[in-house]
Amino acid sequence: MIKIVKRDQPSRAIFFFTPVLAIFLTLVAGGLIFFILGFKPFEALKFFFIVPIADKYGFSELLLKATPLCLIAIGLSFCFKSNNWNIGAEGQLTFGAIVSGGVALLFYEQEGFYILPIVILAGAIGGMLYASIPAILKTYFNTNEILVSLMLVYVSKLILDYLVVGPWSNPEGFNFPETRQFSDSAKLPLLFEGLRIHAGIFLALAAVVISWFVFYKTYLGFQMKVSGFSLKTAKYAGYKGKKMIILVFLISGACAGLAGVGEITGPIGQLHREISPDYGFTAIIVAFLGRLHPVGIIFASLVVAITYLGAETAQIFMQIPKYTGQVFQGMILFFLLASDYLLFFKIKFIGSKK
Amino acid sequence: MNTNLKISNVTKIYPGCIANDNVSLEFNSGKIYALLGENGAGKSTLVKILSGVIIPDEGKIYLNENNLKLNSPLDAKKNDIGMVFQHFNLFETLSVFENLIIDSDEHRESLREKIDTIMKKYNFSIDLNIPVLNLSAGQKQKVEIIRCLIRSPKVLIMDEPTSVLTEQETSELFLSLKKFSEEGILIIYITHKLKEVMQLCDEVAVMRRGKLVSVSEIKNENIESLANKMVGQNLKTIKKKKAKTSSDQLIKIANLNFTSEDPFETNLIDINFSVNRGECLGIAGISGNGQSELFQVLSGEIISEKNSIEFNNNYIGDLNPQERREYLMAFSPEDRLEQAAIPQMKIFENVALNNFKSSNFFNNGLINENKIKEHSKKIISDFNVNTDNIELKSQFLSGGNLQKLIIGRELITSPDLLICFNPTWGLDVGAINYIHETLIKINEQNKSIILISTDTDELLKLSDKISVIHKGKLSKIMNAEEVTSEKLGILMGGAN
């Protein structure tokens, strides 16, 4: 007989084990799906998870996709750790990209070392502005940040659509929905000849280090944590709880905005309709898979980035729709949430007694 | 018609605790039964089993020899078991009538007749058409009782019904309960208040740590014997020495008003009082009469006019709690788990919530973990917190230990004034004694206390002066020796 018993204390070992378990279960379930579809499961999984990163180019692509995921997830971890459910990072990414793209277009055909920092900063500010909307509505008008931040995603995408089709579209672009190419000074430098990996990865790494430091070592981080658990306690301790909420939203918006900057000033170098394959939403999975811990988020962003690449290879070699990638992302989250049950409960196998 | 309710070998086990350990009890109608025990003794679990909220692991329940299957509260209702919970289950914005008929599928008009008959019979006077939020606590309880009576129950269970009532409302309730009992309803009365048991009940069952320890007739018991059974040890009684009267004023509140935007909060009207050094001012009142707002105004969670609070010759009305701590004030809020501490955080992190500057918990914006831990260890040993692991999440501390940690955290900075709100609410007798001793000690060190409490006995035991808060207004301040609990009861009910 199997009995489920509550743990006295959530297990720390299990805390780090469940993400691994979730990935394993995802692979098993994925293999099963491939099998049902009539593919050889092991071969299919190989195409999905190994072939895409087997060479130098593939590895660079992996880092390229992991960079925005990591950056956004780090930002989100500030929100989630303090119980603020910002699920609109996609919108903050888009708006950050719009603002920084706008600034980059202002410097069209200009060169100068000062341009790139301004463009990057503009992206961060754009993301912050956009994140401040749900934050202020939440703190001063008691609205639900989940709904507001989610709905704003679609608003930002429509704004982007309007801009690239209308006022900002390239005059020599044959009515393609895209802007002019940014000048080289407004672009993040590529790190290696022939590969698409760019300097944005340093932004992500810096975010990892800074967030670790702030959250675990500073008074500010402590106050954010307390405010997240209980605004009443924050008030009682004398912290400015509402300001903390706004602050975590701003941090998270800035990170998403920077991810947006990376997407448009990296290899692409212009604004167009589809700047992000839902990085902002996928990063939610990354944040939780990484246990909201900076180091965990690095690993999680790499794992989840593979699903993007794998979906593309699988489409090319096996004619499976690339949306399989999203199926895998969904499965990871599903299995993670399911195996989190083990954090609080343990399964006991009881012998044939009764 | 006779009703017989039998609980047979009921056991309910929760992880890490046996809430009911093989409990067997028998009740007969015509008598009022008390189920007595401290918090956590298992009485709530037992009545929740009787009312179908909790399903026992083992054991059976018989009503008039029929084995009952109580899998939901609905089953209990169908089997004529009515229950009035400590916390009301009413829809505040619906009218009294709507609340009464909400779980019934009978015809509205026939229900109205039924309700009218019940109200006439027991002398209840409540306007059926006003929303419940306009009722007093006593009236709300009557609504709950009527809701049970509509179904003409055989058994009526009352869970700590007097915790929100005034003295007068309590005696009214007792009269009604006696009447119900005469009419053949079996009454089970859950409480930890010994006086009430002596006043109301015929038989008493005492529970301790999940076990039934005794069943006896009231006429064979007295308050001391019941207390000892309840706690399982002989209690020493603490008494406060008469404080040396000091005329050295520490805090003065002058013309303080607070108007809330929240309709569920109470406005404070023209609050004036002062506390001298070494003195304990008790503030009595029925919960929900502005105590929470008064605490927040005093602690700085609600900012008021600068001049309205004078502490140690400084005007501090506009300072936040952290700034007030620097003037040597300390605060222990009512809600341990949602305000005074964060259960998900470790003990030492909770200690850091009192960020007194010279404790040096945070230097240049960085956390000084060693300092915090050092401090935490001292609190744990000085205030008898029963753990040696400061890395433990505080949710694993019992209520008593958590409260000791909180009081310890507030007192370790040697404040001149401690403001506490229901400091012993929900604690066991051992912990209550410890907290009371600690509070008395503070006064002996010539430091002051403002004690806001809904427990009249506690106030009479600890205070030098007492005032009563009612609907946001304070009564005049009285010397504790001149006050009796009856007098407090009258003031708490709003009379002069």
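**Note on the predicted two-chain model**

1. In β9(B), B:Val206 is the bridge partner of B:Leu36. Strand β3 (residues 32-36) of chain B is joined to β9(B) by 4 bridges, and the two run parallel. Two strands are taken as paired if DSSP finds at least two bridges between them. Helices (H or I, at least four residues) and strands (E, at least two) are DSSP runs, numbered from the N terminus.

2. Conventions. Residues are numbered from 1 along each chain as its sequence is written, and chains are lettered from A and ligands numbered from 1 in the order in which they are written. The model is predicted: local features need pLDDT of at least 70, side-chain atom pairs count only at pLDDT 80 or more, and totals for chains, interfaces and linings use all residues.

3. Confidence. The model scores ipTM 0.75 and pTM 0.74. Chain B has an average pLDDT of 87, and 96% of its residues score at least 70. Here pLDDT is the predictor's confidence in each residue, from 0 to 100.

4. Back to β9(B). This strand (residues 203-208) is mostly covered, with 5 of its 6 residues buried. Buried stands for 20 or more other C-beta atoms within 10 Å of a residue's own, exposed for 12 or fewer, and partly exposed for values in between; C-beta atoms are placed from the backbone. β9(B) also pairs with strand β10 (residues 211-217) of chain B, through 6 bridges and antiparallel. There, B:Val204 stands opposite B:Ser216.

5. Four strands make an open sheet in the order β12-β11-β14-β15, with antiparallel pairing. β12 (268-276) and β15 (314-315) of chain B stand at the edges with a single partner strand each, so one side of each is left without a neighbour in the sheet. Strand β14 (residues 309-311) of chain B is joined to β15(B) by 2 bridges. One of these pairs sets B:Phe311 against B:Asn314 in β15(B).

6. Helix α17 (residues 485-492) of chain B. Its buried residues are B:Leu488, B:Gly489, B:Leu491 and B:Met492. They cover an arc of only 165° around the axis, which puts them on the same side of α17(B). The arc is that of the directions from the helix axis to the C-beta atoms. These buried residues pack against α6 (167-182), β13 (280-284), α16 (456-462) and β21 (465-470) of chain B. Just after the helix, B:Gly494 takes a positive phi of about 105°.

7. Cores. The largest nonpolar core has 173 residues, and those with the most contacts inside it are A:Ile72 and A:Ala73. Such a core is a set of buried Ala, Val, Leu, Ile, Met, Phe, Trp, Tyr and Cys residues joined through C-beta atoms within 7 Å. Helix α10 (residues 241-265) of chain A gives the most to this core, with 14 residues. A second, separate core of 58 residues includes B:Leu50, B:Leu63, B:Leu173 and B:Ile187.

8. Around A:Ile72. Leaving aside neighbours within four places in sequence, the contacts of A:Ile72 include A:Ala89, A:Leu93, A:Cys255, A:Ala256 and A:Tyr279. Residues are in contact if their C-beta atoms, placed from the backbone, lie within 7 Å.

9. A:Met331. This residue lies in helix α13 (residues 324-339) of chain A. A:Met331 is buried, with 20 other C-beta atoms within 10 Å. Beyond neighbours within four places in sequence, A:Met331 is in contact with A:Thr26, A:Ala29 and A:Gly30.

10. The contact between the chains. Chain B gives 24 residues and chain A gives 18 residues. On the chain B side, the elements that give two or more residues are α10 (321-326), α11 (336-340) and β18 (366-367) of chain B. By class, that side has 13 nonpolar, 8 polar and 3 charged residues. Ala, Val, Leu, Ile, Met, Phe, Trp, Tyr, Cys and Pro count as nonpolar, Asp, Glu, Lys and Arg as charged, and the others, Gly among them, as polar.

11. Two backbone points to check. A:Phe174, in the loop between α6 (145-165) and α7 (200-217) of chain A, has a positive phi near 50°. A:Phe174 counts as exposed, with 6 C-beta neighbours inside 10 Å. B:Asn364 sits in the loop between β17 (362-363) and β18 of chain B, and its phi is near 50°. B:Asn364 counts as exposed, with 7 C-beta neighbours inside 10 Å.

Conventions
Contact = placed C-beta atoms within 7 Å.
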